[in-house]
Amino acid sequence: MTPAEYQALTSPRLSHPARSLYLLYLRHQARGELTQPLDYPSLGRALAVQGEGDYRYRVTPAALTALVDELQQAGLLALEERTHPQNYHGARFRLALKNLQGLTPLPARQFAMYSEWRPDDQLDGLARLCGLLDSRYDDEELGEFIAYWLGRPEVFENQHQWMLRFVRQLKNRRALRRDPGPAPATGYQQQPAPATTETGPSKRAREMMEEARRLSDEHQESHDEEDT
């Protein structure tokens, strides 16, 4: 499927039966860009949904014509030959978008991590967008990343998302390696004076000691008066 087909098929204006008709029948059985002559009875059977003893969904000839019109309006089909003016039974169409490349690439498929995974050439640009100027890595960093996610097979990401996770790991490792100590003074820069710390009793302790002395002195004076 080309990006142009994908864009047209995922349009919310296109009905699910029209998508099924295009993907499961018209495109699947086409020869190159041309469809087989449309056979209404075969199309009806291909799209019918059968339940227990009855059909849950059936397509009438008028509904088939409406679905083909819908695909033409979406740009997926272009009429080449028509044998009946009232319907498209026996008509042939060209798959107009089959070889037309759209401007937007198809969404990347998601996958679980595997042992041979490697970042691609977009890593450096992605790393710079994330604030990591040096995107170089060694085998240990890559191996640690792969080993961690191999143990989580339920996680599925596309290539871009896996590289984003890898960049985050590299940033975290570089942050841990960074020396937290102060940089040495250079030129006229001066190191700030170290903060002085009190080595004696705290202010609250001194207040309590003074209060204790005052009470002791008052008690001693009272005792002396009683003796006289």
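Two strands are taken to pair if DSSP finds at least two bridges between them, and helices (H or I, at least four residues) and strands (E, at least two) are themselves DSSP runs, numbered from the N terminus. With that in place, let me start from the sheet. Strand β3, residues 77–81, pairs with β4 in the antiparallel sense, over 4 bridges, and within that pairing the bridge partner of Glu 81 is Arg 92 in β4.

Before going further, a word on what we are looking at. This is a predicted model, in which local features need pLDDT of at least 70 and side-chain atom pairs count only at pLDDT 80 or more, while totals for chains, interfaces and linings use all residues. Residues are numbered from 1 along each chain as its sequence is written, and side-chain values use heavy atoms, with hydrogens and water left out.

Buried here means under 20% relative accessible area, exposed means over 50%, and partly exposed lies in between, with a 1.4 Å probe and protein chains only.

Of the 228 residues, 27% count as buried. If we take contact to mean heavy atoms within 4.5 Å, then among contacts with a separation of 6 or more, 65% come from residues 24 or more positions apart.

Let me turn to the charged side chains. Side chains of opposite charge can pair when their charged atoms come close. The rule used here for a salt bridge is a side-chain nitrogen of Lys or Arg within 4 Å of a carboxyl oxygen of Asp or Glu, and by this rule the count comes to 8.

One of them joins Arg 27 and Glu 5, whose closest N and O atoms are 2.8 Å apart. Arg 27 lies in the loop between α2 (16–26) and α3 (40–47), and Glu 5 in helix α1 (residues 3–9), so this pair ties together parts that are 22 residues apart in sequence. Glu 5 is buried, at a relative accessible area of 0%, whereas Arg 27 is partly exposed, at 22%.

Which residue forms a salt bridge with Glu 157? The partner is Arg 165, with the closest N and O atoms 2.8 Å apart. Glu 157 lies in the loop between α6 (139–150) and α7 (159–177) and is buried, with a relative accessible area of 12%, while Arg 165 is partly exposed, at 26%. Leaving aside neighbours within four places in sequence, Glu 157 is in contact with Arg 109, Gln 110, Phe 111, Trp 162 and Arg 165.

A further salt bridge brings together the side chains of Arg 136 and Asp 134, at 2.9 Å from N to O; Arg 136 counts as exposed, at 64% relative accessibility, and Asp 134 as partly exposed, at 32%. Glu 141, Glu 144, Arg 173 and Arg 174 are linked in a network of salt bridges.

That leaves the surface. The accessible surface of the chain comes to about 16400 Å², of which 51% belongs to carbon and sulfur atoms, the areas coming from the Shrake-Rupley method with a 1.4 Å probe, and for residues only the protein chains shown count as cover.
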